[in-house]
Structure formats: C-alpha cells, structure tokens
Amino acid sequence: MPDATVPRHTAIIMDGNGRWATNRGWPRLAGHRAGIDALRRTVEAAPGLGIETLTLYAFSADNWGRPQAEVDGLMRLFHLYLANETDRCIADDVRLSVIGRRDRLGPLLRAAIATSEMATSAGRRLHLRLAIDYSARDALLTAAWNLPHQAFPSREAFAEALGQAIGAHDPAPDVDLLIRSGGEQRLSDFLLWESAYAELYFTDTLWPDFDAEGFTTAVHHFANRERRFGKLKEVV
C-alpha cells in the first residue's frame with residue numbers, strides 16, 4: 001500500500017523568474033535561465049522524497065501573449081534544456097515527457113521533444129512531465145468534445161480522454177501536492193481536474209531560488225496534513 005504521507009504525484013507552478021531578474025536589474029530572460037538550474041535541482045531531489053511523478057508548469061497557453069522576444073527566448077531555452085538534460089535523464093533513470101499542445105511549437109522543438117521522449121522512455125525512477133503550451137480548461141473542453149455523446153462517461157473514461165487531449169501517452173495519477181513558488185496563490189489554469197483533492201502549498205520563494213531544502217519543506221508540510229477526500233477521518 002502506498003505511503004499516504006508521500007506526495008507520489010507532485011506538480012509545481014514555477015513562478016517568479018521574471019521578478020527574480022528584475023530585482024537584480026537584469027532582463028527577464030536571465031531569470032528564466034536561472035530557473036532552469038532550479039528545475040534541475042528539483043528533478044534531482046524528487047526521487048529521494050518518494051515522488052514518482054513530477055509535473056512542472058513551464059509555459060501556459062496564455063503565455064503566448066507575452067512579448068515576442070521573451071516567448072522566442074523561452075522556446076530556445078526549452079530546446080537547450082532538452083539537448084542538455086536528455087543524457088542526464090537517461091543516466092538518472094528519469095522518463096521525460098511533454099504535455100500540452102504541440103501544433104504551435106516550432107518544428108525543431110517538436111522534433112527535440114520527440115527525441116527526448118523516445119530516448120528516456122525506459123526511465124522508471126521518476127516520470128518528469130513538462131507542461132508546455134498547456135491549458136487545463138482547453139484540455140477539459142477537448143476531452144469533453146472527443147468523448148462519445150451517447151452515454152454519460154465515468155470519471156475513469158473522462159480522465160483517459162483528458163490524458164489523450166494533453167498528449168499524455170499513459171495516465172498519471174491524481175496530483176497529491178501542488179506547489180507554487182513566487183508568492184502568488186492561484187492555480188493559473190493548471191491541472192484543474194487532476195488537482196481536485198491536491199494539497200496546495202504556496203511559498204514566497206521566487207523560482208530561481210527554490211532548492212532541495214525548500215522542496216523538502218513542502219513535502220514535510222504535506223506529510224503533516226490530514227487528507228480525508230470528503231470522508232470522515234475514521235472512514236479514510
């Protein structure tokens with residue numbers, strides 16, 4: 001039986017890159033570069049905390065509305081991350097996959113994603129999922145549209161359709177712990193269905209400063225919460 005005090009599926013909204021750079025008088029893209037180091041630290045720490053699936057919000061569907069120079073820079077950083085981290089993922093037994101739309105990404109980035117997913121497909125120590133061009137509401141709409149309309153679907157059937165809508169090759173478990181860095185306290189259209197009973201943890205730490213210690217604190221906070229899923233404690 002899985003340990004209920006361990007957030008087997010942890011999701012993170014990586015917020016605060018731009019403010020981190022602005023506070024230093026640097027361009028926003030410098031904050032996104034520093035955020036990649038925080039991402040690497042988080043991935044390295046996750047298995048030791050008992051986490052099996054880690055979903056990171058890298059780029060939302062609404063982020064296309066940011067200045068073009070920032071968007072272009074982020075796309076280059078995504079490509080660079082895949083090029084630099086794929087071998088590390090293989091060595092660390094990490095499976096990498098991307099969820100979200102791909103039709104609006106450039107062909108080189110789409111090819112890099114496919115290459116990384118194929119190369120790391122045997123990873124079993126951690127499933128790392130990067131949400132790029134992702135919108136939970138759009139995914140819900142797409143899943144509802146694609147379901148057969150002659151019967152009311154079960155939750156399991158809808159979850160499967162939702163996985164297909166975001167390009168997930170196999171379903172991930174519901175989110176146990178959702179962390180947001182940067183001081184904001186909102187979900188920002190991220191994993192709305194999957195986070196129905198997730199424990200929420202908000203930290204003022206800007207994402208480039210997020211480290212293994214901060215991650216461990218969030219997981220310990222989760223372990224001390226009482227999860228009842230709408231039931232009474234003695235029933236759970």
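Predicted model: local features only at pLDDT ≥ 70, side-chain atom pairs only at ≥ 80, totals over all residues.
1. Asp189 has its place in the loop between E5 and strand E6 (199–202), where helices (H or I, at least four residues) and strands (E, at least two) are DSSP runs numbered from the N terminus. Although Asp189 is not a glycine, it has a positive phi of about 65°. With a relative accessible area of 12%, Asp189 is buried, a term that stands for under 20% relative accessible area, while exposed stands for over 50% and partly exposed for what lies in between (1.4 Å probe, protein chains only).

2. Residues are numbered from 1 along each chain as its sequence is written, and side-chain values use heavy atoms, with hydrogens and water left out.

3. As for the chain as a whole, it has seven helices and six strands, and its elements, read from the N terminus on, follow the order β-α-α-β-α-β-α-β-α-α-β-β-α. Its radius of gyration, taken over C-alpha atoms, is 18 Å, close to the 18 Å that the globule rule gives for 236 residues, so the chain is as compact as a globular protein of that length; the rule itself is 2.2 Å times the number of residues to the power 0.38. The C-alpha trace spans about 55 × 40 × 35 Å along its principal axes.

4. Of the 236 residues, 47% count as buried. Where contact means heavy atoms within 4.5 Å, 75% of the contacts between residues at least 6 apart in sequence join residues at least 24 apart. The chain exposes about 12400 Å², of which carbon and sulfur atoms supply 53%, with accessible areas coming from the Shrake-Rupley method with a 1.4 Å probe.

5. On the aromatic side chains, a search of the whole structure finds nine aromatic pairs. The rings of Trp20 and Trp26 have centres 5.6 Å apart and planes at 70°, so this pair is edge-to-face; rings of Phe, Tyr and Trp (its six-membered ring) pair if their centres lie within 6.5 Å, and planes under 30 degrees apart count as stacked, over 60 as edge-to-face and the rest as tilted. Trp20 counts as buried at 10% relative accessibility, whereas Trp26, with a relative accessible area of 44%, is partly exposed.

6. Another edge-to-face pair is formed by Tyr57 and Tyr134, with 5.9 Å centre to centre and 85° between the planes. Because Tyr57 lies in strand E2 (residues 53–60) and Tyr134 in strand E4 (residues 126–134), the pair ties together parts that are 77 residues apart in sequence. Tyr57 is buried, with a relative accessible area of 8%, and Tyr134 counts as buried at 2% relative accessibility. Tyr57, Tyr134 and Phe190 form one aromatic cluster.

7. Asp176 and Trp145 are 31 residues apart along the chain, and their C-alpha atoms are separated by 27 Å.
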